[in-house]
Amino acid sequence: MPRLPSAKGWVVRAAPRRLGISRFVSRLPILGDVRLDRRLGWVIPVFIVLVTGIVGYNAHATAHERGSALVVNIASRQRTLVERYTKDVMLVIDGFQADPGHSGAILRQTADALLDGGSVAAPQGSDERVEIPAQRDWKVRRKLDQDRRLIDDLTRTGDELLERGRHDPGYSADVTRLRVLSAQLSSVSNDAVGEITRHTEASLSRLVRVEIALGLLSALAALAMGLLLRRAGAEQAAQFRSLVHNSSDLITVIAGDGTIRYQSPSVERMLGRRAADLVGMTLIDLVHPDDQHHVTAALAKLVETQRATGDFECRLQHGDGSWRHAESICTNLSGDPRVGGLVLNTRDVTERTVLEQQLTHQAFHDPLTGLANRALFSDRVDHALARAGRKGPTAAVVFLDLDDFKTVNDTLGHGAGNDLLVAVADRIRGILRPADTAARLGGDEFAILLEDVQGEQEALSIAERVTFALAEPFTLEDHQLLVRASLGVAVAEPEHRQADELLRNADMAMYLAKANGKGRCERFDPSLHRTLVERFELIGDLRQALERGQLVVHYQPIVELTTEEITGLEALVRWRHPERGTVPPAAFIPLAEETGLIIPIGRWVLEQACQQARQWQHRTGRKLSISINLSARQFQDAGLVDDVTTALRHADLDPGSLVLEITESLLMHDTDATIARLGELKALGVRLAIDDFGTGYSSLSYLRRFPVDILKVDKSFIDAVAGNGEDSALARAIIQLGHTLRLQTVAEGVEAPQQASRLRTLRCELGQGYYFAHPLDADEVAALLERHGPAVALATSKETPAG
Amino acid sequence: MPGRGDGMVWTRATWRWTGAAVVVLALVSLVVPLAAARRHERPQPAGTVVDVQLDDFHVRRSTDAIPAGMVRFRLVNNGPSTHEFVVVRTYHAPDKLPLQRDGLTVDEEKPGVDHVDEAEGLDIADHRTLTMGLAPGHYVLFCNLEGHYLGGMHAALTVR
């Protein structure tokens, strides 16, 4: 149901049900844009019918008038013919030459034609014949009928008179009768002519009246049509005005020189300006300076062609000074006299534009930190590479990866991790130059594009500034957090044309920094590429090593220092690479740690060592302990406790025989999760040892808080234990600390008898090292245990190959 | 406005009925006075009535003798020709009235022919009433158009 505008506002009207003719009429092309309603649809056909009627009636009246005039003419001729006939009869009687028969025949023929219509001789007396219509008026017909009867009487009387002759007794009476009939015919003919004339005049009078009536009706119809057309036009004009006034779009008419000639009132809503104030201004005055050029160009192009249409976007100044984004469609109607200018239909697209800008920003920025994302960063690097010349300033990329960020996520939660990323981003942003671009590539990876650097030194200098910026502790949820990052720097070379290549180089340099101990910055060197390729190959081989049985477990005996009896063994994994030979643990354990392969490898070692220990216990009947190293990643693995439980159950090993060695750094984060995990392991009955004690964040507090059973004193202290230096004192202090805390102490790396002797003096309980035995494979350990000999004998005899 | 809300609602049907009533009232107010006027115009019958039928070419009257006094001739022309009706007092026989020099029409000015009254131009189907006072005597009723009288269009009327 259409909503139509009315003087009282918008009302709902039922759709007019139009008949076919009015629908047809309302669509006549001559009406142009005017849309007729139902009333007007009827006026036009009425008008057409009336005009057609007038024309038709006029033609009919003209024909009728002409026919009537002819009939009157011919009827008038009858009187002359009667006189001629009478005269001809008398002439013949008097002996003169005449032909009354011919006159009588014409009389009769004419009388018949006048009454019933037909062909008669033309009134002008030529041989031409004319058709006259039958008379339909009853009065006329009666008179003409009488006329015909009288003619019959006349001609019959004439014939009788001619037969009688002048001397016949009835001659006189017949002559009198002939004269009387002639007079009667004259009278009747005149009467008929008069009647025909009156009838014709009456008909013509009716015709005139009808024509006047039709003319009046036509005039009325034309007037009504004019009024309704005017009303329809006025309604449409009002509707158009209403649309223009109430439209949210701006409708502007500008002259060829850009002067505003008309402005719709909606400009007040959109730009906070009064329409009247804008008329006379130039449109360009409202356009943002940055947009003026392309708007001017677009308008100039449109001015050249009539009815051409184009569109453009620009910013228009609001009355309050702000800028609104607008989209305009412009049509050149300067050739239309009703418009005479360029019509702009302008829509406020500010919200849409802002949204687009937001979406664009989101598409190219990291939503968490607000830094550029990988796509934008790659684009910027591409542009920087394109600008960088072969000489002079160049571009560099710094790749930054936070060290141990996973630990932060796992211990403080992802919320804190995100906060840290934001804080890191802020610090990076704070030290960059305006032309540089910082990006977060994902996770804890950041990258910095340095443009216009003079060389590698400048890039390294900026990377160092980044390192310093991150060195300050971060405060997260009341925690003071020291964050380190590994950085890699790559400077663009002339052959670099792709962003990916430069990014990869910086990534590899960062990788080197990680491999070299983290918390440092490395620069990319072309040789590094080969090194890293080899590293990746090694990782690939390591993934298959377990399946292919290339990993083996070696065991290093742990002896009681006073008796030098073997009380336990430390399990150490070895990789026998088919091409590289034996790969040292220092070369592949970090890779396994980094790739997560340490989890399955550690689980396998755990299973192997437990089963081997149980087997040796069974054979020797001695309660040998088995020590297994746990990496940080293993310790954080949620399946650790299950793995230990499974290994113990599979091996049927007493949990008290299993010693799990963890490093000090693992205990660095004194968190509830760490305590809980240690508690779960202790609950199994296994013992916990702190490996390499004294090298890390040695803290007396965690020795008290955590359920530790054994301290393994690092080899660096043992090396000096036999001397008198500070390190010797430290070794003594550590051993004394173990005594104080009632912890068992194990001296690592004992390589000389003096060291063993000194350790015994210090009442260190256990020791391990090359002095007693090198790491041995399972068979060698079995043989050693079979002999029941003291381990020291093995060490001194040097029978054991290096592990 | 008082009564606007609770008064009669002028629907389209109401307008139509009101318009029809106005038209009927207008017609009644026009027709009734005309009918009344016609009744007043109609004269009351007076004197002797003689019905006369004219046709080609006879005069037929309802009576040939009437008393003297006011006479109303109710004329009807059956046609088909146009006729006239002439009343003369004469001592001539109806078919012996003196003619004019053309020998075709009665000379109404001749001695012995006393023209009383006449009605002219009676067209076919015309009705007309001609009233006159007739003294006792001999009268002839005729049509004096050319040839009509001689064609037999005359009749005698005696007034006593």
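The lining of the largest cavity contains 11 nonpolar, four polar and no charged residues, where Ala, Val, Leu, Ile, Met, Phe, Trp, Tyr, Cys and Pro count as nonpolar, Asp, Glu, Lys and Arg as charged, and the others, Gly among them, as polar. The model is predicted, so that local features need pLDDT of at least 70 and side-chain atom pairs count only at pLDDT 80 or more, while totals for chains, interfaces and linings use all residues. Residues are numbered from 1 along each chain as its sequence is written, chains are lettered from A and ligands numbered from 1 in the order in which they are written, and side-chain values use heavy atoms, with hydrogens and water left out.

A cavity is a set of points, on a 1 Å grid over the protein atoms alone, where a 1.4 Å probe fits but cannot get out; lining residues have an atom within 4 Å of a point. Grid points are joined across faces, edges and corners, and a volume is the space filled by probe spheres set on the points. Two cavities of 30 Å³ or more were found. The volume of the largest is about 90 Å³. Its lining comprises 15 residues, and those nearest its centre are Leu250(A), Thr252(A), Leu283(A), Leu316(A) and Thr346(A). At least two lining residues each come from β5 (250-254), α6 (267-271), β7 (309-317) and β9 (341-348) of chain A; helices (H or I, at least four residues) and strands (E, at least two) are DSSP runs, numbered from the N terminus. The largest share, three residues, belongs to β7(A).

The second largest cavity holds about 60 Å³ of space. Among the residues that line this cavity are Ile599(A), Arg603(A), Leu630(A), Asp637(A) and Asp643(A). Helices α17 (598-620) and α19 (640-651) of chain A each supply at least two residues of this lining, and α17(A) gives the most, with four residues. By class, the lining of the second largest cavity has four nonpolar, two polar and three charged residues.

Six aromatic pairs were counted over all chains; rings of Phe, Tyr and Trp (its six-membered ring) pair if their centres lie within 6.5 Å, and planes under 30 degrees apart count as stacked, over 60 as edge-to-face and the rest as tilted. The pair of Trp575(A) and Phe588(A) is edge-to-face, because the ring centres are 5.6 Å apart and the planes stand at 75°. Trp575(A) belongs to strand β18 (residues 566-577) and Phe588(A) to helix α16 (residues 585-595) of chain A, so the pair ties together parts that are 13 residues apart in sequence. Trp575(A) is buried at 0% relative accessibility, and Phe588(A) is buried at 0%; buried means under 20% relative accessible area, exposed over 50%, and partly exposed in between (1.4 Å probe, protein chains only). The charged end of Arg427(A) sits over the ring of Phe474(A), 3.6 Å from the ring centre, a contact that requires NZ of Lys or CZ of Arg within 6 Å of the ring centre and within 35 degrees of the ring normal.

No disulfides are present over all chains, a disulfide being a pair of cysteine sulfur atoms within 2.5 Å. Cys521(A) is partly exposed at 27% relative accessibility, whereas Cys143(B) is buried at 0%. Chain B has one helix and nine strands, and 36% of its 160 residues count as buried.

Conventions. On a 1 Å grid over the protein atoms alone, a cavity is a set of points where a 1.4 Å probe fits but cannot get out, and a pocket is an open set with protein on both sides within 12 Å along at least five of seven lines; lining residues have an atom within 4 Å of a point.
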